[in-house]
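Please open the model in the viewer and keep the selection panel at hand. The stops below are meant to be taken in order.

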Amino acid sequence: MHKHLISALLMSSLAFAAPRVGEHDNAYRLVFDLAGNTDFSVQALTSGIQIQLTQPVLTPESGTVNVPFVRSYATTANSITLKFDPAYLQEIKVSFLPASGEQKARLVLDLPKMVLASTPPSPSKDFPVPTPAKNPEVMYPESLDPNLDVLNYDLGLEVDVQKNFLKGTALIQLKTVASTPAIRLNLLGLTVSEVQVNGKTAAFQQQGQHLLIDLNETSSVGKTYRVQVIYSGVPKTVKDPGDTEEDSVGWKKFKDGIYVLNEPNGAMSWFPCNDHPSDKATFTFRITVPLPYMGVANGTSKTTSNLNDSKTYVYEMKEPMATYLATVHINRFGQEIRQLRPNLKIRNYFPASLPEDFQKKELGKLEAMLNFMEKQVGPYPFSEYGVIFTEYPTPYALETQTLSTFPSQKKADWAFVHELSHGWFGNSVTPKTWSDLWLSEGFATYFQDLWQYPKEKDLKAFLKTRYERNLKNKMKPPYITERKELFSQRAYQRGSLVLHALKFKIGEKAFGQVLQNYHKTHAFKNASTEDFVQSVVKTTGKPELKGFLEKWIYGSVVPEFPELGQ
Ligand code: ARG
Ligand code: ZN
C-alpha cells in the first residue's frame with residue numbers, strides 16, 4: 001500500500017482526541033471529535049466520570065485540559081475518562097452530535113462551573129466507594145446498586161403544579177446485602193440538600209444520575225438503615241441518546257397536569273431509588289398539591305388532609321413494587337370508585353378535560369376481563385385495580401401497579417386486557433433484569449391475542465401471519481441485550497410466540513398448569529428467564545422442553561411452528 005494512502009486511511013478512521021475547550025458563562029464545554037457515529041453511556045466515578053462509546057471512534061490519549069476543576073482526561077478508542085477535584089459535584093451533560101457537512105461527529109460535554117453546595121458534605125475526607133459487586137444487569141447496570149435491598153420508600157412529594165416544582169422528602173428503609181461503606185442510589189436532575197442515615201447527617205455526593213451516600217461505617221451483611229433524602233427542583237425527564245421528549249420517561253408535565261411513566265429508568269427523575277426491577281419494595285406516597293388539584297398514586301387511598309389551600313393525599317402500596325411501576329398523577333380528575341368484590345376495589349380516574357364517556361364501553365368489560373384472566377392464571381393478585389388517563393394522547397399505556405396508565409388516545413378493549421394481565425406478569429411476577437422483559441410483554445401480548453381471537457381457528461390464522469412475518473423479517477430472539485431494542489417487537493411478538501408454541505406443544509391443560517404454577521411460585525417477587533424454563537420443566541415433568549424453549553427464547557433463528565399448518 002502506498003504511504004500516502006495509509007496516512008489518508010488513518011486520517012479518515014481516527015480522529016484526534018484532545019478536546020477543544022470553550023468557556024461559557026455557567027459552564028465549560030469540552031468537544032471531542034469522533035471518527036464516526038456512536039452511542040454512549042455515562043458512568044459516574046468517585047471524583048470523575050467515564051463515558052463508554054459503543055464504537056471505536058477516538059484516538060487513545062491522555063493529558064490535561066484548561067478547566068480549573070478537571071485534573072486529567074484520558075481516552076481509549078471507545079472511552080473517555082475525566083478526573084475532577086473531589087469537591088466538584090456538578091451534573092455533567094453529555095451529548096452526541098452527528099457529522100454534518102465539513103463537521104466531524106462530536107461528543108460534547110458541558111461541565112457546569114463549580115457552585116458550592118449549601119451544606120458541604122465533609123469535603124476533607126475521600127469519599128468511600130460502594131463495594132464493587134457483580135451486576136446482573138447488562139443494559140442498565142448504572143441503575144442498580146447490587147449491594148442494596150430497599151424495603152420501603154416513603155415519599156413526601158410537595159408539588160407546585162404550575163411551576164412543576166417538586167420538594168421531596170424520601171424516607172428509605174433499606175438493607176445492605178453485602179458489606180459496604182457507601183451506597184449508590186439514582187436521582188437525576190434534582191438537587192439534594194440533606195441526607196440523614198439513621199437520624200444522623202450523612203455525607204453525600206451527586207454525580208450524574210448517582211447519589212452516593214456515606215454510611216459512615218462499613219455495613220455488616222443484612223444490616224438495615226433508615227436513609228432520609230431531602231431534595232428539590234423541576235424534574236427533567238430521562239432520555240437516552242437520540243430520544244425525543246415524547247420518548248423520554250419519568251415525571252412529565254403536560255398542559256395543566258403532571259403524570260409519571262417510569263419504564264424503564266424514569267423513577268430517578270422524581271425520587272432517589274435503587275432504580276432496577278430486581279429491587280422491589282413497598283411504598284407510601286404523600287402528595288401535597290394546591291387546590292383544586294388532586295394527587296393520585298398506586299395502591300390504596302389512605303387519608304386526605306387539607307391545610308390552607310393545599311391538600312395532602314396518602315396512598316399505600318403494601319405489596320412489593322418495582323420502581324418502574326410507581327406512578328403519580330396530578331390533575332383535576334373525575335373518579336369512579338366501587339367495591340367490585342369484598343377484596344377488590346376498582347378506582348378509575350379521568351382528567352376533567354376528557355369527555356364523560358371516554359372509553360366507558362371498554363371499561364365496562366373490566367369484570368369480564370378479570371374473569372378471563374383468573375380462569376387461566378388464578379385470582380387477581382392485588383386488592384385494587386383501576387385505570388387512570390393522562391391528557392397526553394400518545395403513544396403507549398403502562399401497567400403501573402394496580403392503576404394502569406392510559407393515554408387519552410382511544411384504545412381497543414384488548415389494550416385493557418394487555419395492561420390488566422401485567423397485574424400477574426409484570427407487577428406480581430416482575431422480570432429480574434431488563435433482558436427478561438419478554439416474561440412481561442410476551443405474556444401480556446399472549447393474553448391480548450387470546451382475548452382478541454377467542455376461536456382457535458381465528459387465533460391460528462392470526463398467529464400464522466405473525467409467525468411468517470417474524471420469519472421473513474428474521475426477528476431476533478425475545479431475550480434482549482441491546483438497550484436500543486428493549487421495547488421492540490422482539491419482546492412482544494416473538495415473546496408471545498414462545499407461549500403460543502409451548503401451548504400447542506403440550507396442550508391447553510398442561511399449559512394452564514404451567515401458567516398457574518409459574519405465577520404462584522414467583523408471586524410478589526422476581527423471575528428470570530431461567531426460572532421460567534425451570535418452572536415449565538418442573539410442572540410438566542418434561543426435561544426435553546428446556547431445549548425447545550431455549551431455541552424460542554435465545555435462538556437467532558425463529559424455530560419451526562408446525563401446529564400452525566403450512
Ligand atoms: N410496558 C408498556 C406496555 O405494556 C410499554 C412501555 C413502553 N415503554 C417505553 N419507554 N417505550 O406495553
Ligand atoms: Zn405491556
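Helices (H or I, at least four residues) and strands (E, at least two) are DSSP runs, numbered from the N terminus. This is a predicted model, in which local features need pLDDT of at least 70 and side-chain atom pairs count only at pLDDT 80 or more, while totals for chains, interfaces and linings use all residues. Residues are numbered from 1 along each chain as its sequence is written, chains are lettered from A and ligands numbered from 1 in the order in which they are written, and side-chain values use heavy atoms, with hydrogens and water left out.

**First stop: serine 79**

Select serine 79, which belongs to strand S7 (residues 79-84). Is serine 79 buried or exposed? Its relative accessibility is 6%, so serine 79 counts as buried; the term means under 20% relative accessible area, whereas exposed means over 50% and partly exposed lies in between (1.4 Å probe, protein chains only).

**Second stop: the domains**

Colour the protein chain by its four ranges: domain 1 (20-112), domain 2 (141-331), domain 3 (332-397 + 410-427) and domain 4 (430-564). These bounds come from an automatic or database domain assignment. Taken over C-alpha atoms, the centres of domain 1 and domain 4 are 42 Å apart.

Centre the view on the zinc ion (ligand 2). Which residues coordinate the zinc ion? The donors are His418 (NE2), His422 (NE2) and Glu441 (OE), at 1.9 to 2.1 Å. Donors are N, O and S atoms within 2.8 Å of the metal (3.2 Å for Na, K and Ca); water is not among the atoms, so sites may look incomplete. Along the sequence, the donor residues follow the spacing H-x3-H-x18-E. Histidine 422 lies in the loop between helix H4 (413-421) and strand S30 (430-431), and glutamate 441 lies in helix H5 (residues 438-452), so the pair ties together parts that are 19 residues apart in sequence. Both histidine 422 and glutamate 441 are buried.

Select ligand 1 and the residues with a heavy atom within 4 Å of it. Among the residues surrounding ligand 1 are Val249, Leu398, His418, His422 and Phe487. The shell consists of six nonpolar, two polar and four charged residues; here Ala, Val, Leu, Ile, Met, Phe, Trp, Tyr, Cys and Pro count as nonpolar, Asp, Glu, Lys and Arg as charged, and the others, Gly among them, as polar. Domain 3 and domain 4 both give residues to this shell, so ligand 1 lies between them.

Next, display the polar contacts, which are pairs of N or O atoms within 3.5 Å; within protein, one must be able to donate a hydrogen and the other to accept it, and residues adjacent in sequence count only if both atoms are side-chain atoms. A side-chain N or O atom of glutamate 263 is 2.7 Å from a nitrogen atom of ligand 1. For glutamate 441, a polar side-chain atom is 2.8 Å from a nitrogen atom of ligand 1.

**Last stop: two proline bonds**

Finally, select proline 292, in the loop between strand S20 (281-290) and strand S21 (294-297). The peptide bond from leucine 291 to proline 292 is cis, with omega near 10°. Threonine 394 and proline 395 are also joined by a cis peptide bond, with omega about -10°.
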